[in-house]
Amino acid sequence: MQAQQSNTFSHVDWHHTARTLLTSRALDDLEEYDLVKQKKVLYQFSARGHDMAQILLAQILTAKKDAVSGYYRSRPLLLSMGIEVEQCLQASMMRQGGFSDGRDIGVVFNQPNHDGACVLPMSGGVGAQYTPIAGWAQAVEYHRNHLKNNEWNDAIGLVLGGDGSVATNGFWSALTMATTLSLPMFFYIEDNGYGISVPSSFQTPGGNIVSNLESFKGIKLFSGDGTQPQVAADLIQQANDYVRRERKPVLLRLTVPRLNGHSAQDTQGYKSEERIKFEQQHDPLPKLKAYLHKQNILTAESWDNLEQETKEAVYKVYQQVDEQPYGDTKTITRHAFSEQDHQGNKELQQQGGIHLNKPTFPPASEEIIAEPGRINMVTAIRRTLDFELSHNDKMLVFGEDVGAKGGVHAVTLGLQDKHSEQRVFDTSLSEEGIIGRSVGMALAGLLPVPEIQFRKYADPAEEQLNDTGTMRWRTNNRFAAPMVVRMAGGYFGCGDPWHSQCAEVKWVHAIGWQVAMPSNAEDAVGLLRYALRNNNPTIFFEHRKMLDHSWARRPYPGDQFIIPFGKAKTITSGDRITVVSWGGMVHMCQSAIEQTGINAELIDLRTLRPWDKQAVLDSVKKTGRCLIVHEDNISAGFGAEIAAVLANEAFFYLDAPIERLATADIGNPHDPQLMAAALPNTDTIAEKITELDQI
């Protein structure tokens with residue numbers, strides 16, 4: 001839909017637009033100088049040509065709970081929103097006081113805000129900005145319609161992306177969510193015709209995403225010239241009016257020139273001279289100057305004076321920032337996880353999660369108040385989810401098939417009927433979308449509990465999972481996205497490379513993720529309850545075999561039962577050898593110990609991040625021997641971390657080499673006999689225990 005010409009644009013402050021555009025250009029000029037002459041700026045992605053439309057776009061963000069997510073070329077939008085020049089320069093020059101205090105590159109921004117438009121933490125990955133905004137938009141509707149919070153009534157989610165990003169998983173996943181759920185989400189695509197050097201025709205047929213979406217249901221489409229002030233302003237206003245009035249998604253594509261290379265190193269040698277000349281002729285800055293003069297808003301002299309004043313002001317701020325300190329090297333390891341100050345008070349993030357509102361949870365303790373009978377892990381997890389849903393109205397459970405079906409593992413059976421489709425719901429088949437939406441929901445103050453059906457299926461969501469984990473650290477505790485990702489995996493009656501993977505060490509190695517792997521129903525209750533009340537993102541691994549294994553069945557330990565992370569459990573006591581395990585291997589280790597008759601001490605770690613290093617050290621110092629058994633592959637598995645710690649901190653207590661038993665460095669075989677040969681089992685564990693005992 002093209003713009004309808006108009007002489008009035010109610011949302012536009014043209015003086016602000018001119019001042020901000022000149023400020024943005026002054027910053028671009030300054031950074032180019034700084035990069036070439038002094039080499040103090042490491043990353044510089046100019047927004048020349050994109051800037052005017054972004055500045056106009058920012059002026060629609062007027063609701064108290066609006067949110068926007070941009071990308072590396074979105075600084076003009078932030079300047080238009082009122083972000084200080086000093087803070088922008090602190091970011092690009094890696095100084096304290098910026099958006100991350102030098103931890104992240106200076107072109108990805110964030111801005112916490114509970115009383116106006118919030119800037120979600122940007123990602124360095126192309127397309128990663130889309131699904132978090134879809135999650136925010138879904139959270140807006142949940143706050144409005146379910147929690148009846150009027151503060152969210154007019155709010156929307158705005159996301160910016162370039163023409164290259166429309167080819168990404170994130171874009172299409174967000175588009176599916178926004179249209180099928182009818183979310184108040186504003187897609188803004190600034191189309192400069194190139195993804196670095198690749199023409200936009202490689203990203204979408206014909207190079208025009210709007211033309212290709214004309215048959216797409218459930219979204220309003222607009223397209224036009226982003227270099228013409230009146231056209232861009234009118235289209236932005238029409239799109240904004242629609243998404244706020246109809247509470248449905250809208251996509252606006254504006255064509256803009258990229259007047260500089262993609263980055264400072266990009267000479268644009270792949271563009272023809274004709275193309276470069278064409279783009280220079282469509283610079284929005286002289287068009288804005290001419291338009292404001294024609295409308296009697298700014299005279300040519302006033303423009304020139306404003307331009308000079310702006311350059312001088314920006315350079316003055318630059319000189320001030322150049323004297324400011326860099327990030328503090330002594331604090332660089334802080335804020336990977338939620339922390340406490342010296343008085344024991346939580347140092348909460350500025351935005352994200354439920355803890356900012358100081359939630360009151362039902363009483364909890366490590367005391368077991370066991371009910372008669374024994375339940376399997378499926379029932380234990382379901383009961384815990386049920387109880388926490390009943391006492392936390394900001395908790396949402398979702399994923400593929402978790403609703404009417406109750407999950408492919410039956411863990412969520414009946415929860416939708418009891419707690420409504422708004423709180424327990426199915427999603428589209430996109431793990432990127434499941435986790436990405438969780439990020440937006442968490443940043444909007446909810447507790448998302450997404451399910452990934454099988455561990456291997458988390459691979460498409462790895463970018464969002466990594467961004468979630470690093471968020472607190474890379475924003476220096478400005479933002480965090482606490483969530484509990486329920487993930488099933490591990491061997492079953494038979495295996496296969498797609499459904500039986502553990503690979504838990506990936507998330508232990510990842511920044512900012514807690515990892516829990518219960519071996520039985522009782523521990524599943526306590527660990528899950530702790531995760532659901534904690535202020536960190538958690539991977540909660542539900543082992544497929546143990547979900548209904550007879551050994552894993554336990555009495556329900558009570559609705560109060562909780563297990564703090566990082567506390568291992570001693571299954572059997574002994575003084576001859578220490579056996580360390582977790583998840584689906586613990587019951588095999590216990591059976592192996594009973595088979596040998598050796599006085600062995602079996603430790604179930606229960607959580608791997610954090611892990612109970614002291615419990616393992618104390619045991620090994622007593623026994624002098626250690627066998628580590630895990631299901632993940634042997635090379636670089638978590639057992640290697642434990643062995644390294646023991647070699648360093650318990651070396652003089654050892655009477656025998658530290659041994660590991662784990663899966664061979666192959667996939668999980670489908671044939672049960674092949675699987676038994678590839679994975680540790682009771683016999684191989686017993687054999688290794690006996691061998692170590694005889695040393």
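Q: What share of the 695 residues of the protein counts as buried, and how is buried defined?
A: In this predicted model, 61% of the 695 residues count as buried, where buried means under 20% relative accessible area, exposed over 50% and partly exposed in between, with a 1.4 Å probe and protein chains only. Local features need pLDDT of at least 70, side-chain atom pairs count only at pLDDT 80 or more, and totals for chains, interfaces and linings use all residues. Residues are numbered from 1 along each chain as its sequence is written, and side-chain values use heavy atoms, with hydrogens and water left out.

Q: Why does R25 count as buried?
A: The relative accessibility of R25 is 8%, and the limit for buried is under 20%, so R25 counts as buried. R25 is found in helix 1, residues 14-38, where helices are DSSP runs of H or I with at least four residues, strands are runs of E with at least two, and both are numbered from the N terminus. Leaving aside residues up to four places away in sequence, R25 touches R48, G49, D51, L259, D283, P284 and L285, contact meaning heavy atoms within 4.5 Å.

Q: Which strands are the edge strands of the open sheet, and why are they called that?
A: Six strands form this open sheet in the order 2-1-3-4-8-7, with parallel pairing, and two strands pair if DSSP finds at least two bridges between them. The edge strands are strand 2 (118-119) and strand 7 (220-225), because each pairs on one side only. Strand 7 pairs with strand 8 (residues 250-255) in the parallel sense over six bridges, and K220 stands opposite V250 in strand 8.

Q: What makes a set of residues a nonpolar core, and which residues have the most contacts inside the largest one?
A: A nonpolar core is a set of buried Ala, Val, Leu, Ile, Met, Phe, Trp, Tyr and Cys residues joined through side-chain atoms within 4.5 Å. The largest has 78 residues, and those with the most contacts inside it are F171, F187, L251, L605 and I642. Helix 5 supplies the largest share of this core, eight residues. A second, separate core of 64 residues includes F45, M93, I236 and Y318.
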